[in-house]
Every structure is written in structure tokens, then in C-alpha cells.
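Work through these exercises with the model open beside you. Try each task before reading its solution.

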Amino acid sequence: MARVTGLSVLTAYGHGPDALWKGLTSATPATSQVTRFDTTRHRAHHAAVLPGTPDLYGELERLVGEACDQAGLSPDDRAATPLVLALHAGPDTAALAAELAGACGLREVLTVHTAACAASNTAVAEAAHLIGTTAERRAVVAGASFVDASMFAAFDSAGILAPDGVCRPFSAGREGPVLGDGAAAVVLEHTGTAPPWAAVRGWGNAAEAHHVCRPHPDGRGPAAAVTTALRRAGVTGDRIGYLNAHATATPAFDAGEAAAIVSALSPHGVRVPVSSTKALHGHCLEASGLVELAVCALAFRHGELPVNANHLGPDEDCPLDLVLEPGRAPQSRYALSLNSGFGGVCTALLLAMP
């Protein structure tokens with residue numbers, strides 16, 4: 001088990017956990033019309049973005065520093081601690097990642113995970129595995145994705161983005177996601193002096209290999225990831241108090257994920273509270289898992305589950321217990337966070353709250 005002793009986050013709601021929590025409880029999406037680049041020729045024109053054009057590595061350096069300070073790590077502690085990253089791959093990624101580790105006073109970069117929307121969860125799982133096997137005493141995990149012209153164009157040209165700028169997970173009439181700026185860093189430790197935000201109890205990774213960009217309709221990949229995470233933690237489905245879904249509001253992906261939740265947590269899947277907060281902070285791609293880990297930790301710390309925003313009505317393909325009203329409290333100390341990506345990669349983190 002790996003404890004989260006430091007946590008820092010940046011979304012379109014602003015900097016820090018407090019800003020994220022205020023945004024989530026407002027139930028108002030952090031979406032605006034994109035001015036960072038020209039969207040005139042695109043079908044979609046909205047995203048959940050910060051002002052200006054934030055510097056990805058500069059923001060990561062700040063977030064890693066904040067997480068390490070929060071965890072109470074000394075310079076010597078940091079010098080013995082590796083960095084695991086979740087980033088979009090590019091020609092200079094490896095060199096820039098090594099430069100980031102040096103700027104943060106960390107030992108080295110162990111891995112840079114680039115599996116798109118599943119990258120952050122996979123990075124957290126790797127770090128938790130290293131700590132659980134005592135290969136490492138602690139690790140820093142960080143990831144970021146800021147909306148840029150090329151990625152926006154790629155999603156838009158594929159007809160994936162919601163044309164009206166509204167993401168409606170698991171809802172009737174859903175038409176796709178809204179991209180979002182996101183970055184976060186966590187310190188994972190076997191033991192630590194700082195009060196933990198959460199503990200990573202289990203994780204699961206799977207690959208459907210069904211289609212390059214369409215999920216299996218039965219949700220076989222997410223179901224396998226959830227089953228593995230539960231088995232690894234020794235936790236049964238009836239003990240899950242909240243599930244933060246990947247749900248990007250695309251018809252096929254949401255339906256497949258709903259099928260996975262129902263089957264993997266059977267017979268309790270239809271009763272587990274579920275929401276996808278991508279409707280609020282946007283789809284943060286490689287940073288999704290870390291941002292949503294922060295969402296889960298904040299929800300349990302405050303005793304209130306985030307709503308599944310922008311819901312228009314039920315869809316028979318998504319027979320889930322969606323959190324549609326504010327003020328709902330978690331009924332146990334366990335949360336699942338799911339994320340999937342193109343190519344059939346599927347991930348699940350099982351989090352235990354203090």
C-alpha cells in the first residue's frame with residue numbers, strides 16, 4: 001500500500017486543491033470559448049482552459065515542489081526519490097523530463113508514461129508497485145496536459161468533441177467530451193510524517209485489443225481492470241463508496257464503461273454512486289488520472305460526492321446510480337477511479353481514504 005502524503009493540482013478552476021473543490025461543488029463547468037488559438041475552421045470551439053498559454057514543465061516543477069513540501073521531504077529525501085511522469089510523447093520529452101527531475105532535486109526519471117488518457121493511472125500504479133515491493137521507499141508521480149492547437153484539431157477532425165461545448169457523461173443526448181487543462185503531482189510513500197490524503201490499495205491494467213479507437217461494447221477491458229484492482233486489494237465490490245468514471249460522454253465509450261461497472265461490481269454495480277467529473281474540469285488527457293485522484297481525495301475529505309453534471313436524462317445503455325444532486329455523502333472509505341484510452345488500454349485505481 002502506498003500513501004499519498006503530498007498532493008498538488010492545477011485545472012481550469014485555478015491552482016490548488018481548494019480551487020478544484022470550489023469548482024466541483026459549484027457544479028458549473030470550467031468551460032469557455034477557446035482564444036488560445038484559432039478555432040474558426042473547427043466544429044467545436046470550447047474547452048476548459050486556464051488564461052494564456054501555461055508552460056507545461058514550469059507548472060510541473062511548481063506542482064512537484066508543492067507536493068514535496070506538503071509531504072515534508074527534505075533535500076536529502078528528494079535526492080533519493082525517483083520521478084514517474086505521465087505526458088504526451090514528443091521528440092524532446094525524455095530530455096525535458098530529465099531536466100525537470102534535476103530542477104526538482106529528484107534522483108532520476110524512472111518512466112515517462114504516454115498511454116494517453118490512461119497515462120496517469122498507469123504511472124500511479126507503477127509507483128505504488130515499486131513501493132509495495134520495497135524497491136522504492138517513496139516516489140513522486142506527476143503529469144500534465146494543456147490544450148493545444150494540434151490536439152484540439154485532431155479530436156475535432158475525428159468528430160469527437162461536443163459541438164455545443166457541453167460534456168454530458170452517461171446522459172441521453174451526449175455528444176462527446178470537452179478538452180481541459182490539467183496538471184498534478186503526488187508524493188507516494190510507504191510511510192510518511194504528513195497526514196495522508198488517501199492510500200493506493202489496488203490497481204489494474206488491461207488491454208481490450210478490440211479496436212484502435214472503439215471500446216468493446218461489453219466493457220471487457222475496464223471490467224478486467226476493476227476486477228484486478230479489487231483482487232489485488234482484497235476488497236469486494238460492495239465496499240466501494242464512490243466510482244469516478246472515465247466517461248467522456250461519447251455514446252460507445254460511456255455505454256461500454258457502464259457495462260463494465262455493472263458486471264465487475266455485480267450484483268452491486270447498479271448501486272455504487274458514480275460520476276464523471278470530466279463534465280466539470282474537462283478531459284485532461286494524460287493528466288486525467290492524477291486530477292481525478294485529487295477529486296476522489298477531496299470528495300472523501302469533505303464528505304460530499306461530486307455531481308455528474310450536465311445530465312439531461314437517463315440512457316438505458318447506462319443503468320448506473322449517478323450522483324445528480326449535491327450533498328451526497330460516501331457510504332464507505334473506498335473509491336475507484338477509472339480511465340481508458342485509444343487502443344484499448346484500460347486502468348483502475350482503488351483508493352482507501354483515511
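**Exercise 1. Find which residues of H2 are buried, and what covers them.**

Solution. Start with burial. In H2, the buried residues are Tyr 57, Glu 59, Leu 60, Leu 63, Val 64, Gly 65, Ala 67, Cys 68 and Ala 71. Buried means under 20% relative accessible area, exposed over 50%, and partly exposed in between (1.4 Å probe, protein chains only). Helices (H or I, at least four residues) and strands (E, at least two) are DSSP runs, numbered from the N terminus.

Next, the cover. It includes strands E1 (2–11), E2 (14–15), E7 (138–145) and E8 (182–189), and helices H3 (75–79) and H4 (93–103). Contact means heavy atoms within 4.5 Å.

Before going on, note the ground rules. This is a predicted model, where local features need pLDDT of at least 70 and side-chain atom pairs count only at pLDDT 80 or more, while totals for chains, interfaces and linings use all residues. Residues are numbered from 1 along each chain as its sequence is written, and side-chain values use heavy atoms, with hydrogens and water left out.

**Exercise 2. Check the length of H2, then look at what follows it.**

Solution. H2 (residues 56–71) has 16 residues. The expected span is 1.5 Å times one less than the number of residues. That gives 22 Å, and the end C-alpha atoms are 22 Å apart, so the two agree. Gly 72 follows H2, with a positive phi near 75°.

**Exercise 3. Determine how H1 and H10 are oriented, and which residues meet.**

Solution. Take the angle. H1 (residues 17–26) and H10 pack at about 75°, with axes 10 Å apart. Axes are lines fitted to C-alpha atoms, for helices over the stretch in contact, and angles run from 0 to 180 degrees between N-to-C directions. Under 35 degrees counts as roughly parallel, over 145 as roughly antiparallel, 65 to 115 as roughly perpendicular and the rest as oblique. H1 and H10 are therefore roughly perpendicular.

Now the contact. From H1 come Pro 17, Leu 20, Trp 21 and Leu 24; from H10 come Val 291, Ala 294, Val 295, Leu 298, Ala 299 and His 302.

**Exercise 4. Is Glu 136 buried or exposed, and what does Glu 136 touch?**

Solution. Locate Glu 136 in the loop between H5 (119–132) and E7. Its relative accessibility is 13%, so Glu 136 counts as buried. Leaving out residues up to four places away in sequence, Glu 136 touches Ala 80, Pro 82, Arg 107, Leu 110, Leu 130 and Ile 131.
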